[in-house]
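Please look over the chain below before reading on. The notes that follow take up its helices, its loops and a few individual positions.

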Amino acid sequence: MFPFELQVVSIPVKNSFRGIKFREIALFEGPAGWSEFSPFIEYDNKQSATWLKASLEAATKPAPNPIRNEVMVNATLPNVKPGEVEKLLSNFDGCTVIKIKINDFIMDRELLIESLKHVPNAKFRLDINGGWTLDEAVVNLKNYEGEFAGLIDYVEQPCLDIADLKALKNEIGLKIAIDESIRKFLGSDLTKLKDVADIAVIKWAPSGGISAALNLIEQISLPVVISSALDSSVGISHGVALACVLPNLYGACGLATVALLEADVTTDSLLASKGVISNRRVIPDRINEFKVDQQRHKWWQDRADVIYEGSLI
Ligand SMILES: [Mg+2]
């Protein structure tokens, strides 16, 4: 049996980020404080096991000593209509780096233009989630480079294939960050990723927690951006703790994503304030407002039990 009693909540999500309207999140408290176990519903047990490992570590072990007390954060824009940009950006106080989910240049250049109206000194990170072929990446990124010269901080995972990324690197002047590639490449020689990218995007839970992430980061040896996966403030607090121990942080982190949720598990949310988030633990004092029914609670407790007992972690 998983040694902790889970508290499961369902939090409404703004703009159906990732196509979901509600985010189910399991929380529990261990000797080191509150922790979060929230792999997406469709993830299988093997995939979810690293998330459970992360959550157990956070509940039972204090984070290593930080070298900073706050982290700079970026605004995160889902692929919305230009008319929604202003309102969304207002939830990211003081953030001048804006990450945008991009389909292509024609459809989405308006999102950058609109963002610049509200944040005139904005720098952009374009996240493609591996959605382009090499040819599509070259055409789209040359267009972005042309129209927004000097304003693109980096492009995140333009193609999935490592060989395509390497070829792309020779074609464009933009920095390339990898995200999905890292998880796909686990078990291979991670030092090779240096040849295809400039920045590694690392997440606390899918990496298996702070110790596992530090190990991964050491092997990849690229500058790092810590990001998140639509976590509550509890999960975010562990991502922030990870970012606060890293010597090779690249810049603003994708940790202000509680702003994409309609509500949070705490009255004291970890949101961007003057462009930063401070490093502190979070007490989820709003659990009762968002509790799921008995059936969903059992589903989550069973999920944790099966992974824990199957020694998948
Ligand atoms: Mg990404």
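This is a predicted model: local features need pLDDT of at least 70, side-chain atom pairs count only at pLDDT 80 or more; totals for chains, interfaces and linings use all residues.

A residue is called buried here if 20 or more other C-beta atoms lie within 10 Å of its own, exposed if 12 or fewer do, and partly exposed in between, with the C-beta atoms placed from the backbone. Helices (H or I, at least four residues) and strands (E, at least two) are DSSP runs, numbered from the N terminus. Residues are numbered from 1 along each chain as its sequence is written.

- The buried residues of α9 are S233, V234, G235, I236, S237, H238, G239, V240, A241, L242 and A243.
- L230 lies in the loop between β11 (224-227) and α9, and L230 has a positive phi of about 60° although it is not a glycine.
- L230 counts as buried, because 20 C-beta neighbours lie inside 10 Å.

**Helix α11 and its packing against α1**

- Helix α1 (residues 45-60) packs against helix α11 (residues 294-309) at an angle of about 90°, with the axes 10 Å apart; axes are lines fitted to C-alpha atoms, for helices over the stretch in contact, and angles run from 0 to 180 degrees between N-to-C directions.
- The two helices α1 and α11 are therefore roughly perpendicular to each other, a term for angles of 65 to 115 degrees, whereas angles under 35 count as roughly parallel, over 145 as roughly antiparallel and the rest as oblique.
- On the α1 side the contact is made by N45, S48, A49 and L52, and on the α11 side by R303, A304, V306, I307 and Y308; two residues are in contact if their C-beta atoms, placed from the backbone, lie within 7 Å.
- The residues of this contact of α1 with α11 divide into six nonpolar, two polar and one charged, where Ala, Val, Leu, Ile, Met, Phe, Trp, Tyr, Cys and Pro count as nonpolar, Asp, Glu, Lys and Arg as charged, and the others, Gly among them, as polar.
- The 16 residues of α11 should span 22 Å at 1.5 Å a residue, and the C-alpha atoms at its ends are 22 Å apart, which agrees; the expected span of a helix is 1.5 Å times one less than its number of residues.
- Within α11, W300, R303, A304 and I307 are buried.
- An α-helix has 3.6 residues a turn, so residues three or four places apart point the same way.
- The face of α11 turned away from its buried side carries the exposed residues Q294, Q295, D302 and E309.
- Among the elements that cover the buried residues of α11 are β1 (7-12), β2 (22-30), β3 (33-37) and α1.
- S311, which follows α11, has a positive phi, near 50°.

**Buried positions in other helices**

- L112 lies in helix α3 (residues 105-118) and is buried, with 23 other C-beta atoms within 10 Å.
- Not counting residues up to four places away in sequence, L112 touches I100, F124 and F148.
- L112 and P82 are 30 residues apart in sequence, and their C-alpha atoms are 8.8 Å apart in space.
- N140 is found in helix α4 (residues 134-147) and counts as buried, with 24 C-beta neighbours inside 10 Å.
- Leaving aside neighbours within four places in sequence, N140 is in contact with D104, F105 and W132.
- S181 belongs to helix α6 (residues 180-185) and counts as buried, with 21 C-beta neighbours inside 10 Å.
- Leaving aside neighbours within four places in sequence, S181 is in contact with Q157, L160, I162 and L193.

- N129 is found in the loop between β7 (123-127) and α4, and its phi is near 50°, a positive value in a residue other than glycine.
- N129 counts as partly exposed, with 15 C-beta neighbours inside 10 Å.
- G173 sits in the loop between α5 (162-171) and β9 (176-178) and is exposed, with 10 other C-beta atoms within 10 Å.
- G173 and E145 are 28 residues apart in sequence and 8.0 Å apart in space, C-alpha to C-alpha.
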